[in-house]
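Please look over the model below before reading the numbered points.

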Amino acid sequence: MSQIKMIQSYWSQSKPADNIYLKNKSNWPHRVFNYMSWALSCLKIKEFYSEIHLITDSWGKITFGEILGLPYTTISTDLDILEPYREYPQLWALGKIKAYSLQSQPFAHIDGDVYLYDRLPEKITSAPLFCQQLEKENNFHKENTEYLFNKMTYIPKQIRNYYNTTKDSSQHNAGIIGGQDIDFFKEYSNEAKVFIDKNIRTIKEIPSRIIFPTLFEQYLFTSMAHQKNLKIVSYFNEEETGNNTFSGLSDFHTIPETKFIHLMGFFKEDFSYGEFVAQRLWLEYPEYYERIIGLVQNKIL
């Protein structure tokens with residue numbers, strides 16, 4: 001069985017002294033669901049893997065380590081180096097990119113709104129590159145790509161070549177992402193950073209409907225793998241996720257048959273999915289549920 005390092009990352013885009021509890025929701029209707037989601041995600045991974053490592057900043061270390069007491073094997077504050085970028089909310093995926101760049105062995109990065117109900121399959125852990133699934137071309141990705149092509153000062157040649165050749169904005173979802181090919185991730189994360197830095201003056205002008213991280217994280221990943229003729233193995237095939245409807249990714253009601261849940265952005269905006277997360281945490285880890293309720297009620301978090 002392939003060995004792989006399990007990691008998560010959290011970039012708060014804040015300083016420890018900031019009183020940010022009121023805004024720390026990450027698209028959830030209430031911040032309590034954000035903390036419960038992170039707790040459930042970490043604890044589920046820990047059920048199947050002996051080690052799990054968190055790459056975060058000082059605020060994240062205080063929150064997840066000292067206050068919530070989540071059982072991470074290590075918690076680093078390597079994302080403090082991103083301090084110059086904290087004023088750009090459009091760069092929320094930059095913390096993930098930095099986390100990828102720091103890895104020196106095969107890894108799986110799992111978002112804090114992904115909940116595992118089994119180990120990752122061998123087809124994933126042994127793959128040079130893997131992701132959650134391929135998101136097929138749709139109007140959302142097309143609008144993103146065309147807008148950014150017209151407005152960005154710099155577009156990586158890998159993206160330009162891929163798009164000019166295929167006219168395809170399909171991209172690989174990074175709810176889980178990783179692989180055995182560390183050299184690829186070093187090159188990819190470096191190119192993503194260059195992409196950001198060369199466009200830093202125009203980033204604040206991007207309207208809210210345009211999601212820049214889908215380009216510098218997911219689409220760049222897809223484009224670079226295509227350029228190098230590298231196969232990306234997906235956890236789900238197109239049929240399993242309803243060919244871009246993402247059906248099945250939120251099926252709490254089919255646990256334990258469901259092995260993988262990812263509450264992507266539009267799910268998190270629905271209050272009922274926050275309640276599903278709270279219910280699962282209460283059922284499976286009641287001590288963490290009670291701890292989070294108390295911390296939020298007392299405005300410690």
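The points below take these topics in turn.

1. This is a predicted model, in which local features need pLDDT of at least 70 and side-chain atom pairs count only at pLDDT 80 or more, while totals for chains, interfaces and linings use all residues. Residues are numbered from 1 along each chain as its sequence is written, and side-chain values use heavy atoms, without hydrogens or water.

2. The largest nonpolar core has 54 residues (buried Ala, Val, Leu, Ile, Met, Phe, Trp, Tyr and Cys joined through side-chain atoms within 4.5 Å; buried means under 20% relative accessible area, 1.4 Å probe, protein chains only). Among the residues touching the most other members are Met 6, Tyr 115 and Leu 281. Elements giving two or more residues include β1 (5-10), α10 (271-284) and α11 (286-297) (DSSP runs, helices H or I of at least four residues, strands E of at least two, numbered from the N terminus). The largest share, 10 residues, comes from α1.

3. Beyond four places in sequence, Leu 281 is in contact (heavy atoms within 4.5 Å) with residues including Met 36, Leu 40, Tyr 288 and Ile 292. A separate core of 45 residues includes Ala 99, Tyr 100, Leu 148 and Met 152.

4. Gln 218 lies in helix α8 (residues 213-227). Gln 218 is buried, at 9% relative accessible area. Its side chain makes a polar contact of 2.9 Å with that of Gln 171 (N or O atoms within 3.5 Å, one able to donate a hydrogen and the other to accept it; residues adjacent in sequence count only if both atoms are side-chain atoms). Leaving out residues up to four places away, Gln 218 also touches Glu 135, His 172 and Pro 213, among others.

Methods:
Buried < 20%, exposed > 50% of the residue type's maximum accessible area, 1.4 Å probe, protein only.
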